[in-house]
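Visitor: I have never looked at this structure before; could you show me how to read it, one feature at a time?

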Amino acid sequence: MKDIKSILKDRILVLDGAMGTMLQRYKFTEADFRGERFKEWHSPLQGNNDLLSLTQPEAIATIHGKYLEAGADIIETNTFSGTTVAMADYHMEDLVYELNFESARIARKVADEFTAKDPKKPRFVAGSIGPTNKTASMSPDVNDPGFRAISFDELRLAYKQQVEALVDGGVDMLLVETIFDTLNAKAALFAIEEVKEERNMDVPIMVSGTITDASGRTLSGQTAEAFLISISHIPILSVGFNCALGASQLVPHLEVLSSKTDFPVSAHPNAGLPNAFGEYDESPTQMAAQIKEYLEKGLVNIVGGCCGTTPEHIKAMAELVKHYKPRKLMVESL
């Protein structure tokens, strides 16, 4: 398979869109989430989307296929909450390895089918690593600012288990995404480096933070530039932002990244900001028009979608990027 680094020099790559948005269309019930295997599970399971890789694998494979048909070069595994930390909510910590392995295997199979149909357009699988539902930098208790719900070491071990399973399942790269706390991300990156060293292997790493408010900071208080500096010591494939904001609101933060880094830059924003019902109203045409600004300004090397995006959104982006060259890397221009 052609090396992704050389492809990034030739063209803008397209990442897929939201898995959760597509799964909502199925209207799965508690019984659907449980399937036969977890029929007697002692706690509610509805909402545990990662579990659907075991109980509704056909749906996961179908969604991957729709994004690839739409023109995505990279699909993400259904593992956003695939750590023991996040799975503790469902008392499913013991299933973490299997959930990640199976999710990676499903995505790998579908991606390989599409690559076989058109070898000139290889399809890649990114192992999705979410931020967990605990933060290492801040206290969840306003009365005890020094308290931490989780330690760096606990996060490192949780991420390491997830990384090992994703690699075993056949991912091409790892995507540490929706980073709201850079210390959590550092634990994930540390775990990845540990696995790489132990296995004497290399795996490309995509890093994607999330700006959570109009001041242009992550939840743990970092600006775009500070976030970049915090993770730049690791050899990564790309750095970027996703979630929280719509495409147009991300522009100034992408401009900062683009001007300060030698790494390829990625962006997979939401389909606008959520409305009063928590839904996303931006159409594929509207979103593509905003993504066009990234392309005209030469800010990105990888684009895709986060919350509220569908294969229709990704198709509109895939059609658009054909007409633009990827952002030039500073190293090449020196």
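**Reading the features**

Visitor: Is glutamate 30 buried, exposed or partly exposed?

Guide: Glutamate 30 is partly exposed, because its relative accessible area is 22%, and the general rule is that buried means under 20% relative accessible area, exposed over 50%, and partly exposed in between, with a 1.4 Å probe and protein chains only. Before we go further, please keep in mind that this is a predicted model, in which local features need pLDDT of at least 70 and side-chain atom pairs count only at pLDDT 80 or more, while totals for chains, interfaces and linings use all residues. Residues are numbered from 1 along each chain as its sequence is written, and side-chain values use heavy atoms, with hydrogens and water left out.

Visitor: With which residue does glutamate 30 form a salt bridge?

Guide: A salt bridge is a side-chain nitrogen of Lys or Arg within 4 Å of a carboxyl oxygen of Asp or Glu. Here the partner of glutamate 30 is arginine 34, and their closest N and O atoms are 2.7 Å apart. Arginine 34 is buried, with a relative accessible area of 14%.

Visitor: Why are glutamate 30 and arginine 34 separated by about one helical turn?

Guide: The general idea is that an α-helix has 3.6 residues a turn, so residues three or four places apart point the same way. Helices (H or I, at least four residues) and strands (E, at least two) are DSSP runs, numbered from the N terminus. In this case both residues belong to helix H3 (residues 30-34) and stand four residues apart, so about one helical turn separates them.

Visitor: How many salt bridges are there by this rule, and which residues form a network of them?

Guide: The count comes to 20 salt bridges, and Arg11, Asp73 and Lys121 are linked in a network. Another pair is aspartate 168 with arginine 199, whose closest N and O atoms are 2.6 Å apart. That pair links distant parts of the chain, since aspartate 168 is in helix H8 (residues 152-169) and arginine 199 is in helix H9 (residues 182-199), 31 residues apart. Aspartate 168 is partly exposed at 33%, and arginine 199 is partly exposed at 35%. Lysine 322 and glutamate 319 also meet through their side chains, at 3.3 Å from N to O; lysine 322 counts as exposed at 59%, whereas glutamate 319 is partly exposed at 41%.

Visitor: In what order do the strands of the sheet stand?

Guide: Two strands pair if DSSP finds at least two bridges between them. Eight strands form an open sheet in the order E1-E8-E7-E6-E5-E4-E3-E2, with parallel pairing. Strand E1 (13-14) and strand E2 (74-76) stand at the edges with a single partner strand each, so one side of each has no neighbour in the sheet. Within the sheet, strand E4 (residues 173-179) is joined to the parallel strand E5 (residues 205-209) by four bridges, and leucine 174 stands opposite isoleucine 205 in E5.

Visitor: Which helix packs on the sheet and touches E4 and E5?

Guide: Contact means heavy atoms within 4.5 Å, and angles run from 0 to 180 degrees between the N-to-C directions of axes, which are lines fitted to C-alpha atoms, for helices over the stretch in contact. Helix H10 (residues 224-231) touches E4, E5 and strand E6 (238-246), and its direction makes about 140 degrees with that of E6. H12 lies across strand E7 (265-270) and strand E8 (302-303), running at about 155 degrees to E7.

Visitor: What do the buried residues of H9 pack against?

Guide: They pack against E3, H8, E4, E5 and H10, and among them are Thr182, Asn184 and Lys196.

Visitor: How does the span of H11 agree with expectation, and where is its kink centred?

Guide: The expected span of a helix is 1.5 Å times one less than its number of residues. For the 14 residues of helix H11 (residues 247-260) that gives 20 Å, and the end C-alpha atoms are 20 Å apart, which agrees. A bend at a residue is the angle between axes fitted to the seven residues ending there and the seven starting there, and H11 has a kink of about 35 degrees centred on histidine 253. Histidine 253 is one of the buried residues of H11.
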